[in-house]
Amino acid sequence: MKTTRRDFIRTSGAGALGATLVPALVGSQAPGVSGGDVYDVAVVGAGVFGAWIAYCLGQKGRRVALLDAYGPGNARASSGGQTRVIRMGYGDQEIYTRWSMHSLELWKSLFGPLGRPSLFQEAGVLWMARGEDPLTTKTLVTLQRLGVVHERLSRAELERRWPQIDFGPNTWAIYEPDSGFLVGFHAVQAVVQLAETTGVEYLQEAVVPPGGKGRLGSVVTRSGKTVRAGTFVFACGPWLPKVFPDLLGERIFPTRQEVFYFGPAPGDTRFRSPAMPVWVDFAEEIYGLPDFKGRGFKVAPDRHGPAFDPDTGTRVITPETLATVRNFVARRFPGLKDAPLVSSEVCQYENTSNGDFLIDRHPERDNVWLVGGGSGHGFKHGPAVGEYVAARILEGGKLENRFSLATKEKAQKRAVY
Ligand SMILES: Cc1cc2nc3c(=O)[nH]c(=O)nc-3n(C[C@H](O)[C@H](O)[C@H](O)COP(=O)(O)OP(=O)(O)OC[C@H]3O[C@@H](n4cnc5c(N)ncnc54)[C@H](O)[C@@H]3O)c2cc1C
């Protein structure tokens, strides 16, 4: 379905459980705006969330503009990293396990037809645990209940399978053989590429934060373009506090996160897939990925870093974090004790107070959606977020309370990992 003079898009009423039918501003004249394109939906931000939302809307025949200031999966975006883990384990946070299971199917069904199945690497995910570790124990229960293929491995079994890992105080682990990692920004760009085949128009434009209240008719870009649409989705990741400073300035916390890549010795395959899975050492708040395509063995602290500006922040690692990470690598992966650092990234998490996503309507603008708060774990869920947001915009329906703006506190207390 393309533009018509009066196009109706079904959305849910603000805060209501039931759906209401509201007209989209398609073809109508927004006051004070002349010229410019008219879309059913304008999605601002082509990170993993915005890309999937645009794609899902495009698949439904909607006329969609997808705008990004720097480009899909750019180096400043949270989706801009080389690789992103996809795992099913989420403690007892069942919704994320379900979304991850569904998302993995959708990622694979997208990469296959594109002829790029290697954008998902089924390397397996190893979640190490110590003693009674409540999160891992709850994960085990959830994976069993939802039928996720997994193994509970004893210390002896771990040592037998992965002799290149010194498990230290870890006494057991959960292994998800069907999980692995996605090839970060390439995967985002693939989604945008596919979205364009459905008619989505990608525009490399920086949107000026919209002021005022009430229904939004258009946005303007820094280059002076006016983009008019019936519905707007702001999927601006760590930029959301800048775009909506009053609403989100104290509710989304962008933090500086450092990522390190160490180079194994020449010919040493112990730190690549299939010898090495993705791993998480939860007690030490650190995780990593196997050396992929010779880019290095990835190691990244998961603990939240200091506040960070996604536009201007310096993306150079600190000697302090490097020393901490080296110390860990020497203990857990002795074969990499003296491995050189071959690459690094500085990215930012866009945390909500507890790690739950933000997916809600703007409280004062009923045709504006706020989508973000990936909080260091959102990438894998791009497909499920895309489907969910597209369905809420097109069909209405109940909004998940835990994603609501009302549940986003001003103080951080992480509960979702
Ligand atoms: C180091 C690191 C490791 C991570 N590891 C994992 C992992 O292993 N697994 C996992 O599932 N998740 C992981 N995450 C989290 C995940 O990457 C993020 O939650 C997810 O990428 C967020 O996507 P997004 O689309 O919300 O934001 P972004 O990717 O940041 O996209 C937002 C986009 O909006 C654009 N934009 C902003 N403002 C404007 C404007 N005014 N006009 C136009 N465009 C604008 C930006 O240019 C940007 O491209 C990790 C994150 C980091 C930083």
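Ala 42 counts as buried because its relative accessibility is 0% (buried means under 20% relative accessible area, exposed over 50%, partly exposed in between, with a 1.4 Å probe and protein chains only). This is a predicted model, in which local features need pLDDT of at least 70 and side-chain atom pairs count only at pLDDT 80 or more, while totals for chains, interfaces and linings use all residues. Residues are numbered from 1 along each chain as its sequence is written, and side-chain values use heavy atoms, with hydrogens and water left out.

**Around Ala 42**

- Ala 42 is found in strand E3, residues 37-44 (helices, H or I with at least four residues, and strands, E with at least two, are DSSP runs numbered from the N terminus).
- Leaving aside residues up to four places away in sequence, Ala 42 touches Ala 65, Leu 67, Val 227, Ala 229, Thr 231, Phe 232 and Val 233 (contact means heavy atoms within 4.5 Å).

**The overall fold**

- The protein has 9 helices and 20 strands.
- A compact globule of 417 residues would have a radius of gyration near 22 Å, and the protein agrees, with 22 Å (the radius is taken over C-alpha atoms, and the globule rule is 2.2 Å times the number of residues to the power 0.38).
- Along the principal axes, the C-alpha atoms fill a box of roughly 70 × 45 × 45 Å.
- Of the 417 residues, 59% are buried.
- Among contacts with a separation of 6 or more, 74% are between residues 24 or more positions apart.

- How much of E14 is covered? The strand is mostly covered, with 10 of its 10 residues buried.
- In a regular strand the side chains alternate between the two faces of the sheet.
- E14 pairs with strand E18 (residues 341-351) in the antiparallel sense over 10 bridges (two strands pair if DSSP finds at least two bridges between them).
- In that pairing, Glu 258 stands opposite Val 346 in E18.
- E14 also pairs with strand E17 (residues 297-301), in the antiparallel sense over 3 bridges, and here Tyr 261 stands opposite Lys 298 in E17.

**A three-stranded sheet**

- An open sheet of 3 strands has the order E5-E10-E6, with antiparallel pairing.
- Its edge strands are E5 (84-86) and E6 (120-121), each of which pairs on one side only.
- E5 and E10 (residues 180-182) run antiparallel and are joined by 3 bridges, with Val 85 opposite Phe 181 in E10.

**The second largest pocket**

- This pocket has a volume of about 360 Å³.
- It has 15 lining residues, and the closest to its centre are Glu 285, Pro 301, Arg 303, Thr 321 and Thr 324.
- For the search, on a 1 Å grid over the protein atoms alone, a cavity is a set of points where a 1.4 Å probe fits but cannot get out, and a pocket is an open set with protein on both sides within 12 Å along at least five of seven lines; lining residues have an atom within 4 Å of a point.
- Grid points are joined across faces, edges and corners, and a volume is the space filled by probe spheres set on the points.
- Strand E14 (253-262) and helix H8 (319-332) each supply at least two lining residues, and H8 gives the most, with 4.
- By class, the lining has 4 nonpolar, 5 polar and 6 charged residues (Ala, Val, Leu, Ile, Met, Phe, Trp, Tyr, Cys and Pro count as nonpolar, Asp, Glu, Lys and Arg as charged, and the others, Gly among them, as polar).

**Enclosed cavities**

- How many cavities of 30 Å³ or more does a search of the whole structure find? The search finds 2.
- The largest cavity has a volume of about 50 Å³, and its lining includes Phe 181, Tyr 261 and Lys 298.
- That lining has 5 nonpolar, 3 polar and 2 charged residues.
- The second largest cavity has a volume of about 40 Å³.
- Strand E7 (125-129), helix H3 (134-146) and strand E9 (172-176) are the elements that give two or more residues to its lining.
- Among the residues lining the second largest cavity are Arg 87, Trp 127, Leu 143 and Glu 176, and by class its lining divides into 4 nonpolar, 2 polar and 2 charged.
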